Amino acid sequence: MERQSQHFRFSEAPIWEWQRAYYEQVGLQAWEGRQVPQYITSNPLIATAYAEMIFAFLQDLATGGVRQEIVTIVELGAGAGRLAHQVLSKLCELKGLAGIELPAFRYVMTDLAMGNVMGWREHPSMQTYIDQGMLDFARFDAMQDTELNLVVSGLTVKQGDLQQPLVLIANYFFDSIPQELIYISEGQVLECDLHVELPQDANTREPVQMLEQMSLEYTYRTAPEYSTQSYPYSELIALYQAELEDSHILLPSAGLGCLERLGKLSRSGYMLITADKGDHRLEYWKYAEPPEFALHGSFSLSANYHAIQYVLEQQGAKAYFTTHHYKDLNVGMIMMLEETVSYVNTRMAYHRFVERFGPDDFFSLKEWIDPKVHQMELKQLLPFWRLGRYDAEFLMHAFPRFKYLLRDASDEEMLDLQSGIRQMWSSYYIMEHRAQLALISGQLFMEMFMYEDAKPFLEEALTVTSDEDQTTHLYELAVCCYELELEQEALSYARRAVELDPNHQDAIALLHSLE
């Protein structure tokens with residue numbers, strides 16, 4: 001196959017346009033099929049950590065006497081919407097438990113693709129928060145936009161409009177927008193250009209095909225402009241020249257520019273909560289190889305949290321990252337605020353929910369536990385599920401083991417499982433696995449003889465169950481109704497089960513007893 005090749009500055013290579021085109025074309029479907037990773041940055045435990053930090057931030061503002069003006073929380077690149085939904089759920093829960101007066105808050109989900117924005121706007125799980133005035137949406141281009149045009153309220157948030165500090169959430173954000181790439185060698189700064197080779201018919205292909213079929217090589221040229229005083233991050237470059245050797249460095253110029261523009265929306269600064277792969281330690285970048293592209297429909301690189309921390313602290317911010325080394329997800333909090341020392345609750349929340357034991361630690365444990373659930377007893381399964389804040393994905397994974405163990409479960413264990421299922425559903429974000437989750441919830445309640453709890457879940461699952469499974473589920477519903485003394489419903493379900501499978505002996509026996 002004939003191929004064509006071109007050279008580009010790294011930040012101006014067509015890979016970034018293909019990235020944008022992919023998300024605009026695929027929309028929310030990018031996350032439905034698990035093509036783009038989302039679990040690690042949108043599970044209930046990370047949502048709890050974020051909610052605790054935001055709640056503590058609201059407490060600190062209230063302690064400082066600021067209670068009237070609304071606090072705006074902006075999530076950049078909000079993906080499928082799971083994180084936003086769970087953060088809001090847990091924030092409302094914390095606010096109800098505390099019973100204290102706090103500033104009102106407004107959560108704004110943003111994305112480049114307007115289709116995603118409107119998809120969130122119409123999502124059934126979002127309507128409660130929209131109706132309460134605490135959730136809004138905006139299309140936001142991280143490369144250029146300077147304001148937020150809110151979809152629900154119709155308001156436009158411009159420079160200086162916000163009295164309260166802004167809260168920013170950026171998960172898998174800095175690694176997915178254009179970055180510069182330089183190479184440090186013998187104290188010199190070289191620009192890394194990208195040599196992109198593609199098939200001759202590349203213009204007719206989909207963005208995901210372009211990314212999958214591209215062939216990349218790096219070339220180097222001198223770049224004295226990085227060492228001039230006029231370069232906005234010249235002190236950072238000087239540090240890299242002095243401390244690094246044979247190192248490829250991703251420079252998050254676009255990300256820093258985005259933070260600067262967003263920061264101007266508020267007269268009181270901002271707090272950034274962010275999670276990504278990428279280190280904040282200078283030594284991580286020593287002898288760094290050229291970046292590897294992680295392909296998942298789109299692509300991602302690493303985030304240079306060292307550069308972000310260094311630049312923002314030079315501007316007066318205070319950054320918090322874990323003292324221990326991260327494995328899969330580096331979670332940080334950066335406060336671009338006056339008198340950060342006064343935000344005691346916020347700093348302590350980061351210490352408790354990230355530093356002491358955080359989302360990265362949990363993910364490492366979950367990776368180890370997932371293949372071993374068949375060896376666990378309820379006394380381990382229930383606490384781990386509780387540690388993960390009743391994560392739906394874990395219940396679906398461990399369902400066969402839970403079901404097997406229920407035959408010997410104590411009353412207390414069954415009650416804890418019942419409570420956990422209810423808590424899971426109270427903050428569940430409706431996605432593709434809802435029917436499957438409803439089915440296993442109903443079947444677990446059936447195993448515990450909790451027929452009143454089981455019935456609505458089995459009814460929901462039945463609406464999307466394939467014909468080959470319907471007989472079993474119809475029979476389960478017939479049993480539920482029989483035990484609840486709903487004889488007419490039991491008769492109807494039993495008849496439907498026998499019509500589908502005339503040889504289903506249990507359904508036949510139940511039907512005879514009801515007729």
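This is a predicted model: local features need pLDDT of at least 70, side-chain atom pairs count only at pLDDT 80 or more; totals for chains, interfaces and linings use all residues.

The chain holds 21 helices and 16 strands, and its largest pocket has a volume of about 790 Å³.

**Overall shape and packing**
- Along the principal axes, the C-alpha atoms fill a box of roughly 90 × 70 × 45 Å.
- Of the 515 residues, 57% are buried.
- Among contacts with a separation of 6 or more, 75% join residues 24 or more positions apart.
- The accessible surface is about 22,800 Å², and carbon and sulfur atoms account for 47% of that surface.

**The largest pocket**
- At about 790 Å³, this pocket is lined by 41 residues, with Y23, G77, Y172, F173 and S176 the closest to its centre.
- Helix 1 gives the most to the lining, with five residues.
- Other elements that each supply at least two lining residues include strand 2 (71-76), helix 5 (82-98) and strand 3 (105-111).
- The lining has 19 nonpolar, 13 polar and nine charged residues.

**The second largest pocket**
- This pocket has a volume of about 370 Å³, and L61, P165, S268, E338 and Y343 are the closest to its centre among its 18 lining residues.
- Helix 4 (residues 44-63) makes the largest share of the lining, three residues.
- By class, the lining has seven nonpolar, seven polar and four charged residues.

Definitions and conventions:
Residues are numbered from 1 along each chain as its sequence is written. Side-chain values use heavy atoms; hydrogens and water are left out. On a 1 Å grid over the protein atoms alone, a cavity is a set of points where a 1.4 Å probe fits but cannot get out, and a pocket is an open set with protein on both sides within 12 Å along at least five of seven lines; lining residues have an atom within 4 Å of a point. Grid points are joined across faces, edges and corners, and a volume is the space filled by probe spheres set on the points. Helices (H or I, at least four residues) and strands (E, at least two) are DSSP runs, numbered from the N terminus. Ala, Val, Leu, Ile, Met, Phe, Trp, Tyr, Cys and Pro count as nonpolar, Asp, Glu, Lys and Arg as charged, and the others, Gly among them, as polar. Buried means under 20% relative accessible area, exposed over 50%, partly exposed in between (1.4 Å probe, protein chains only). Contact means heavy atoms within 4.5 Å. Accessible areas come from the Shrake-Rupley method with a 1.4 Å probe; for residues, only the protein chains shown count as cover.
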